[in-house]
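This briefing sets out selected features of one protein model, grouped by topic. Please read it alongside the sequence and the structure displayed here.

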Amino acid sequence: MKSFVLECCVDSVESAVEAELGGATRLELCACLPVGGLTPTRALFDAVRRAVDLPVRVLLRPRAGDFLYTQAEFGVLVEEARAYRAAGADGLVLGCLTPQGALDVPRMEALMRAADGLPVTLSRAFDLCADPLPALCAAQELGVEAILTSGCAASARAGAEMLAMLSQWARGISVMAGAGVDAAVVGELLESTAITCFHLSAKRRVESGMAFQRPGVPMGLPGLGEDVFRTDREAVRAARDVLDRWARA
């Protein structure tokens, strides 16, 4: 039977449970999904560990925005890599770039040393590189296990052509399609690429339970309001069903 990875990105215990019930094979744990994900708290990691039996890879990203970090921010990343290795994470998700849009190899090497043998996924920092081929080669030489990428496009569907090329170029490294992935996109990419690893958040907006809400006072990004986002197990299940059919074919 063919094998696959269906990784679900979650930022709460509730979403982690829904992802497992929907058939995800692995979790990427983060905080603040609406801004692309940030490093989660240790308390959240421990709570997710207690709630599910899936492997958990932890995103290391100290703030929203670019992947060009100050020395202080990079120091935090190194400490977080060590801390999450000690805490029992099953892998780390991270990425650092130079001002010219290349993979920052010395900093990546330092983070890999801090990970001390944990599997490392190169984050979507890859999609902001100036040239994906040198970045892929650098990631291979570093010993990164996987690259999370939309094919350097706004979504995996839009980047399907690049994803197909990356999956052919990659040697000893998994290309994992992410950004806008759902059951339909999984089916399309299985047909048009050699990719067998997929990353989705499958999030849905959940209406706030607050009986009183103050209008015109946003908590952060305008437009988000007080609603929250949770993983939709049915969306995960739909993607899993596509992969199960493919695995049996």
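Leu-92 is in contact with Arg-57, Val-58, Leu-60, Ala-81, Tyr-84, Ala-115, Leu-118, Pro-119, Val-120 and Thr-121, when its neighbours within four places in sequence are left aside. The model is a predicted one.

**Nonpolar cores**

- The largest nonpolar core has 73 residues, and Leu-92 is among the four members that touch the most other members, together with Leu-27, Val-144 and Phe-198.
- As general background, nonpolar side chains in soluble globular proteins tend to be buried together.

**Aromatic pairs**

- Two aromatic pairs are found in a search of the whole structure.
- The ring centres of Phe-45 and Tyr-84 are 5.3 Å apart and the ring planes stand at 75°, so this pair is edge-to-face.
- Because Phe-45 belongs to helix α2 (residues 42-51) and Tyr-84 to helix α3, the pair ties together parts that are 39 residues apart in sequence.
- Phe-45 has a relative accessible area of 1% and is therefore buried.
- Phe-67 is buried at a relative accessible area of 11%, and Tyr-69 is buried at 5%.

**Helix α1 and its packing on helix α8**

- Helix α1 (residues 13-22) packs with helix α8 (residues 233-248) at an angle of about 35°, and their axes are 7 Å apart.
- The crossing of α1 past α8 is right-handed.
- On the α1 side, Glu-18, Ala-19, Leu-21 and Gly-22 take part in the contact, and they meet Arg-233, Val-236, Arg-237 and Arg-240 of α8.
- Sorted by class, the residues of this contact comprise three nonpolar, one polar and four charged.
- Ser-15 is also located in helix α1. Its relative accessible area is 2%, so Ser-15 counts as buried, the limit being under 20%.
- Not counting residues up to four places away in sequence, Ser-15 touches Val-10, Phe-229, Arg-230 and Thr-231.

**Helix α4 and its cover**

- In helix α4 (residues 105-115), the buried residues are Arg-107, Met-108, Ala-110, Leu-111, Met-112, Ala-114 and Ala-115.
- The elements that cover these buried residues include α3 (71-87), β4 (91-94), β5 (120-122) and α5 (132-142).

**Residues with positive phi**

- Asp-116 follows α4 and has a positive phi, near 50°.
- Cys-152, a residue other than glycine, has a positive phi near 60°. Cys-152 is situated in the loop between β6 (146-149) and α6 (160-169), and it is partly exposed, with a relative accessible area of 31%.
- Ala-179 is not a glycine, yet its phi is positive at about 90°. The loop between β7 (174-177) and α7 (183-192) holds Ala-179.
- The relative accessible area of Ala-179 is 17%, which is under 20%, so this residue is classed as buried.

Definitions and conventions. Residues numbered from 1 in each chain as written. Predicted model: local features only at pLDDT ≥ 70, side-chain atom pairs only at ≥ 80, totals over all residues. Heavy atoms only, no water. Axes fitted to C-alpha atoms, helices over the stretch in contact; angles between N-to-C directions. Helix = DSSP H or I, 4+ residues; strand = E, 2+ residues; numbered from the N terminus. Left-handed = near helix turned anticlockwise from the far one by under 90°. Contact = heavy atoms within 4.5 Å. Nonpolar A, V, L, I, M, F, W, Y, C, P; charged D, E, K, R; others polar. Buried < 20%, exposed > 50% of the residue type's maximum accessible area, 1.4 Å probe, protein only. Core = buried A, V, L, I, M, F, W, Y, C linked by side-chain atoms within 4.5 Å. Phe/Tyr/Trp six-rings, centres within 6.5 Å; stacked < 30°, edge-to-face > 60°.
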